[in-house]
Each structure stands twice: as structure tokens, then as C-alpha cells.
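Here is a short report on a protein model.

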Amino acid sequence: FTNQSWYSGALSFDGTYTSFPKRYGGQSSNVKINEIGQLPGFLSLPDSNSVNSFFDYYRGDYGLDKLDIGVRYNAKDQLLNVSGFKRSSLGNYGHYIHPSSGGPIHQSYRIDYSKKSIKDRIEVSAARFITTSGIPDALQNGFENDNIVISGINYEKNLSRWKIKSYFSQFSQNRNLRHTLFSDSSSRHINRNQLDLQLLNSRGYEFGFNQKFQQFNSSDYMRSIAWTTLYLRKYFTNFSIMTGIQSSENDLFQTHTFSVNYRNKLKYGKISLFVLSESQPAHPDANKLLSNEFESKLRSSINYNISYNRISLESFFNDVKIGAKGLYDYRISIVGLNTIYSFNKNWNMYHKAIIPISTLQENIPGSIVQSGLKGRFNLFQKNMKINFHIWTDTYTNKNNSFSFNPFLQYYSLTSESNYEISNRNLTHLEIQSEISGVLLHYKIFNLFDALSVNNENTLFKPNAVYPKIGRMVQFGVTWYFDN
């Protein structure tokens, strides 16, 4: 999600400094990309009254202490979900210790409400996400202080021949980063609003209006931009096509937008094709020395899935092209294949591969390969259910070392030595047992290092700034309560 807005339920994240959804807890990790004409979906609603609550708690190496807790109030066709999340960790060299704060490095608080009737449906969400984390530096730890307040409302209404869809979101972020790599270590403030309106008739025509506003402020750079999109989409049996115009008081390198979406179930397998072209804001830190406030994006993807007897194949091709005429132009293309072989209904082995095929620029991501064995079995006269998972995780750079700025969260056309992503070849183990509805988790990330195998390949280095990491052992408990 580099410089890409995204949805979590009815919440819309700006994407400039929110590229890692897993940071915000389990209740916000189910995400999808926010693009023109794509509104967030609705939560599944219950058909009866109940109260469900849970807590998911982990302890682990290097002071890891993670808690995900929530309660869900259900009634027929409506729900109220309240959840909280916190994560604490020292880091294997104490690099997550904040110079002036001793609290959790991540916290989040979220509430979701959804209700539907025969003719309309509404969903409202609000959340706050707090990061107070140390980051490794030369003499003493730097820090990242991040405070996000976000809300969203999603509403649709059915008329006799029309369906009206509307969406509004508000995102506010105050981020302070202190590190010797950055001469500008002041606060960065982002405010972003989004308003959508869609009218869909019974003949499959959809008329859409999208208005977005983003304001960015730091000590040496400020910008305030707004852009509007009007579009028309036509739905057919297996595909849809959209075309529209975009406008702004600022310079747009592209004033048109279009998309094609095709899905079909073939005699052998399923296929889907998606193409989208639009203008989007340029990353403020990556482009503040340039004159552009917008850039154009062209994203294409093809997916094909097939299953035969015990074998399942999932393949895809993704291509993203980002450009600003005369300033920069880059393209990242990847292909992927996921193969699953099932021995029986309880055991299977899999192999996943993601391989880049871009050659236009220097800084190209490497290949990711994961292979593993998953299964489940019962003990003690089926009173204990065991889930077993062991897998390898390999990353190999294609040419020179790939780099990504983890602090300002942007991709650069050229490799930067401070942010290099090194090769890795790790093995992980996860065992989960269920006893009377209680789930017990035992995870060992970097298994060979935990077994005291002394090998350079058993160490993992996230980037050149962070220290090498050995094993990460976690023990957790998940407990669900009904009524």
C-alpha cells in the first residue's frame, strides 16, 4: 500500500504514512484498496440476538506483549462492535524503547455500528490509532509518535428503480519522526476527506461522483489539494466498464479515468481481469523537491484459479505504472503462483511464489517464496484439536539490494543503502490447540535460530537501519465468550 489509500470496513486510511495495515491490530487488518468507484463493503449482519466477546493475548521474546480484545452486540439485522488493541515490545537490542515514554508502542480503539432494513442500510465507524515507538539510531534511540483519528459513514437506499449509495470519511494524522537520517524531523500533519455518491438503476447504469481533499503540513513543505471525479459505469453479465473525467485547481497529468472489471467461471477454472487508470496525490516526501502534486497511475491484474482432484492452482499477474510527465516514470510488474496439494481433508502442502519481472528501473523488489505443510489432528479422544503449520520463507533480491524507506514509507527509483532489504531464508513453526473452546497458540519464528543453529541465514534483517533479529517465540491464548 505504498502511497495508496485503503479501506478497513467503513474507515478510509490516507496511505501516505499508513502503509502497514497489520500495525493497527486484528480488527483493522481486513483491508481493500481505495480507488475510484470502489466503495467499502458492509459487515455481515446477524439474524438473532446475542452478545459475543473475545480476547486474544500473546507474550513472547524481547518483551512482546500483545492484546486484542472486543465485544460484539448482535440483534436481528444490526450490530455494535467495540474493540481495542495494544502491542508492547522492547526489540532484541532495546531499539523499540521510546526515549521519553514507557507505554505500548501501538494502541488502537475502534467502534463499528451497522444496521439494515428493507429499503436502506447504514454503517458507521470511528477509531483512534496511537504509535509511540523508539527506532534504532546511532547514539540513542530515535522515536516515532503517531496519532490518527478517523471516522466513516457508509449508506445505501433502495428506491423503486434506483439504488443510492453514499460514503463520507474523515482522516486526521499527526506524526512526529525523530532520527539522524532526516534533517527535517518536525511534525507532519495530514487531513483527508472523501465524499462519494453513486446512483445505480435497474438497467445496470451507474452514475458516480467522487470528491477528495488532502492537506499536508510540515516545517518546510505545505500543500492543500482537492480533486473531483465524475464517472459513468455500465454493468454487464460478467464485466463492467467505467469512464470518467477528473478535475482539480492544481495541475493533473491525467484528466481522464477508466476501469474494466471482468470475472467469469470457465469450464476449467475461474478468471478475472481488472484495469484501472486514475490520478492520485504524489507522496509529499518523495516529491517535495519536484513541482508535481499529482501523478498518474495505471494498475492491471489478471487472476486465474483452477482446482482438479487434490491440486489447486492460483496464479496472478499484477502491473502498476506510476508517472509524472517529464519528472519520473516507473513500473513494477510481478507474477505469482500458489500451488496446494491436499493429501486428505486434514493435511496439505503448499508452495507460493511471487516473482518480479520489471526491468525499467534500478530499484526492483526481489522474489518471495513460501513453502509449507499444514494439517490438523485430534488427541485425547478428540477432546483436543491440534492445528500444525511449518513453513519456509525466502526472499531473494533480483539485482542490487532492493530498498524501501520504512520511516517515510515510500518507494524510490534508485536503491538507497540505508534502507536495503537483505536476502533471507527462514523457517517458522506454529501449533494451535483447542480445548473446550479455548485456543492455545505456540509460534516460533526463525525456528533454526531457536534450535541454536549458527548460520548467517538464520538471522533476519528488516533493513539496513534495524539490527539483525534471531528467533521470536510467542505463546498466546484466544478465548471466545457467548452471551
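A charge sits over a ring if NZ of Lys or CZ of Arg is within 6 Å of the ring centre and within 35 degrees of the ring normal. K352 places its charged end over the ring of Y350, 5.5 Å from the centre. K66 does likewise with Y58, at 5.0 Å from the ring centre.

This is a predicted model: local features need pLDDT of at least 70, side-chain atom pairs count only at pLDDT 80 or more, and totals for chains, interfaces and linings use all residues. Residues are numbered from 1 along each chain as its sequence is written, and side-chain values use heavy atoms, without hydrogens and water.

The structure holds 25 aromatic pairs. Rings of Phe, Tyr and Trp (its six-membered ring) pair if their centres lie within 6.5 Å; planes under 30 degrees apart count as stacked, over 60 as edge-to-face and the rest as tilted. Two of the pairs are these:

| Pair | Type | Centre to centre | Angle between planes |
|---|---|---|---|
| Y7 and Y167 | edge-to-face | 5.7 Å | 85° |
| F13 and F129 | tilted | 5.4 Å | 50° |

F13 in β2 and F129 in β8 are 116 residues apart. F13 is buried at 0% relative accessible area (buried means under 20%, with a 1.4 Å probe and protein chains only). Ring pairs also link W6, F13, Y24, F129 and F171 into a cluster.

Note on methods. Helix = DSSP H or I, 4+ residues; strand = E, 2+ residues; numbered from the N terminus. Buried < 20%, exposed > 50% of the residue type's maximum accessible area, 1.4 Å probe, protein only.
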